[in-house]
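Here are my notes on this model, as numbered points. Please read them with the structure open.

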Amino acid sequence: MEHGDFFCRPDQVKAVYSYGFSFSDADMVYLDEIEKHSNPGDVTWYLNRWDVGENPGFKTLLEERGYQVEIAEW
């Protein structure tokens, strides 16, 4: 897997910042991989305000998977 070494240190993943992440089938592969190599309860996922406003289900989906979700101000 390209960039597979990124997932070799799951305990170091504490935050994920996404901008324009569509949560489509193609993006879910990345979400599944992050989830497989980390503990979602220990990770804060930062969504941008626009994505949440346009797609409130993004926040719900992440919370259902155990992530702490914050709305980023950038």
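1. Helices and strands here are DSSP runs, numbered from the N terminus: helices are H or I with at least four residues, strands are E with at least two. On that basis the protein reads β-α-β-α-α-β along the sequence. The total is 3 helices and 3 strands.

2. A word on the source. This is a predicted model: local features need pLDDT of at least 70, side-chain atom pairs count only at pLDDT 80 or more, and totals for chains, interfaces and linings use all residues. Residues are numbered from 1 along each chain as its sequence is written, and side-chain values use heavy atoms, with hydrogens and water left out.

3. Overall figures. Buried means under 20% relative accessible area, exposed over 50%, and partly exposed in between (1.4 Å probe, protein chains only). Of the 74 residues, 34% count as buried. The accessible surface is about 4,900 Å², and carbon and sulfur atoms hold 51% of that surface. Areas come from the Shrake-Rupley method with a 1.4 Å probe; for residues, only the protein chains shown count as cover. Contact means heavy atoms within 4.5 Å. Among contacts with a separation of 6 or more, 73% join residues 24 or more positions apart.

4. The sheet. Two strands pair if DSSP finds at least two bridges between them. The 3 strands make an open sheet in the order β1-β2-β3, with parallel pairing. β1 (15-18) and β3 (68-72) are the edges; each has a single partner strand, so one side of each lacks a neighbour in the sheet. Neighbouring strands are turned by 25 degrees against each other on average, direction ignored. Those axes are lines fitted to C-alpha atoms, for helices over the stretch in contact, and angles run from 0 to 180 degrees between N-to-C directions. β2 and β3 pair in the parallel sense over 5 bridges. Tyr 46 has Glu 70 in β3 as its bridge partner.

5. Thr 44. This residue sits in strand β2 (residues 44-48). Is Thr 44 buried or exposed? Thr 44 counts as buried because its relative accessibility is 14%. Leaving aside neighbours within four places in sequence, Thr 44 touches Lys 14, Ala 15, Val 16, Gln 68 and Glu 70.

6. Helix α1. This helix covers residues 25-36, 12 residues in total, and reaches 16 Å from first C-alpha to last. That is close to the 16 Å expected at 1.5 Å a residue; the expected span is 1.5 Å times one less than the number of residues. Which residues of α1 are buried? They are Asp 27, Met 28, Leu 31, Glu 33 and Ile 34. Their cover includes β2 and α3 (57-64).

7. Aromatic pairs. Rings of Phe, Tyr and Trp (its six-membered ring) pair if their centres lie within 6.5 Å; planes under 30 degrees apart count as stacked, over 60 as edge-to-face and the rest as tilted. The count is 6 aromatic pairs. Tyr 17 and Tyr 46 are stacked, because their ring centres lie 4.5 Å apart and their planes are at 5 degrees. Tyr 17 is in β1 and Tyr 46 in β2, so the pair ties together parts 29 residues apart in sequence. Tyr 17 is exposed at 54% relative accessible area, while Tyr 46 is partly exposed at 23%.

8. Phe 23. Phe 21, Phe 23, Trp 45, Phe 58 and Tyr 67 form one aromatic cluster. Phe 23 lies in the loop between β1 and α1. Phe 23 is buried, with a relative accessible area of 11%. Please look at its backbone: phi of Phe 23 is near 55 degrees, a positive value in a residue other than glycine.
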